[in-house]
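Please keep the sequence and the model in view while reading.

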Amino acid sequence: MAPDKNIETGITFLGQILASATHEIKNHLAIINENAGLLGDLSLMDPMALAPDRTNGISLKIAEQVRHADLVLKRMNEFSHSVDLCDQPVDLEQTAAFVIKFGSRLIKMAGIEIKLMPAPSPLMVSTHLFFLEYLIWQPINACIDNPKKIKQLGISFESSSSGALIWFSAKNENRLLNPFDTPKNKALLEHLGICPQIKNNNRDLGLLWPCPDE
């Protein structure tokens, strides 16, 4: 795959995910600002009329929003560092869990349910972490783009004699749109040495990291 195509693919994904994360932070800040204003209004009242339970409740709401915003920032930081991690051993299940959490706002807005099944044992693959996150996001994003068709997506893992696999499965009779079948994604998969898999009449799409030749 040409380097400029890698860059184009990465920038598009980066922009979509970071835009969602910053929007989430903005929402938390708006609630903090609203509650700070309420505290300000209360401070102008007769101190004897202030109910400690009310001010304590507002304080707890602010602390909760700060905690959520801090969590989003930590995920943004972790995500930004994934760009630098080329050809590193990474855990497939942990990476999928991270992508689901980081994209949770978009998933929730689309009304999609993602079911992550635990791997039978830790599945480590050597790959570029940022593009692995991108590839895991593709079937999720396909559901987000078409939420009336696929309401529930299962993600599972398999270790076989062929290698390590991650499966994306539609939990109804509809077929998944195959996001790995585009020229851009096929070129990326080939570049990373990952083999796309299909079974169950297109309701299960997989990615296989073949075992290295002995």
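In the hairpin of β6 and β7, which residue takes a positive phi? The residue is N200, with a phi near 55°, and the hairpin has four residues between the strands.

## Basis of the report

This is a predicted model, in which local features need pLDDT of at least 70 and side-chain atom pairs count only at pLDDT 80 or more, while totals for chains, interfaces and linings use all residues. Residues are numbered from 1 along each chain as its sequence is written, and side-chain values use heavy atoms, with hydrogens and water left out.

## Paired strands

Helices (H or I, at least four residues) and strands (E, at least two) are DSSP runs, numbered from the N terminus, and two strands are said to pair if DSSP finds at least two bridges between them. Strand β6, residues 195-199, and strand β7, residues 204-210, run antiparallel and are joined by five bridges; within this pairing, Q197 stands opposite G206 of β7. Strand β7 also pairs with β5 in the antiparallel sense, over seven bridges, and here L165 has L208 of β7 as its bridge partner.

On another side of the pairing pattern, β5 (residues 163-170) is antiparallel to β4, with eight bridges between them, and a hairpin of two residues connects β4 to β5. Two positions illustrate this pairing: F157 has I166 of β5 as its bridge partner, and G154 stands opposite S169 of β5. Strand β4, residues 152-160, is in turn joined by four bridges to strand β2, residues 113-116, and these two run parallel, with E113 standing opposite Q152 of β4.

## Burial and the nonpolar core

For the terms used here, buried means under 20% relative accessible area, exposed means over 50%, and partly exposed lies in between, computed with a 1.4 Å probe on protein chains only. Strand β5 is largely enclosed by the rest of the structure, because eight of its eight residues are buried.

A nonpolar core is a set of buried Ala, Val, Leu, Ile, Met, Phe, Trp, Tyr and Cys residues joined through side-chain atoms within 4.5 Å. The largest such core has 50 residues, and those that touch the most other members are L135, W137, I140, I155, I166, F168 and L207. Helix α5 gives the most to this core, with 11 residues. Contact means heavy atoms within 4.5 Å, and, when residues up to four places away in sequence are not counted, I140 touches V99, I100, I107, I114, L153 and I155.

## The largest pocket

A pocket is found on a 1 Å grid over the protein atoms alone, as an open set of points where a 1.4 Å probe fits, with protein on both sides within 12 Å along at least five of seven lines; lining residues have an atom within 4 Å of a point. The largest pocket holds about 190 Å³ of space, where grid points are joined across faces, edges and corners and the volume is the space filled by probe spheres set on the points.

Its lining is made up of 15 residues, of which Y134, Q138, N141, K184 and N185 lie nearest the centre of the pocket. The elements that give two or more residues to this lining are α1 (3-43), α5 (129-145) and α6 (183-192), and the largest share, six residues, comes from α5. By residue type, the lining has five nonpolar members (Ala, Val, Leu, Ile, Met, Phe, Trp, Tyr, Cys and Pro), two charged (Asp, Glu, Lys and Arg) and eight polar (the others, Gly among them).

H128 is found in the loop between β3 (124-127) and α5, and H128 counts as buried because its relative accessibility is 13%. Apart from residues up to four places away in sequence, H128 touches S82, V83, L85, C86, D87 and L192.

K186 belongs to helix α6 and counts as partly exposed, because its relative accessibility is 43%. Leaving aside neighbours within four places in sequence, K186 is in contact with F180 and D181. By contrast, D53, in helix α2 (residues 52-82), counts as exposed at 68% relative accessibility, and the C-alpha atoms of D53 and I136, 83 residues apart along the chain, are separated by 45 Å.
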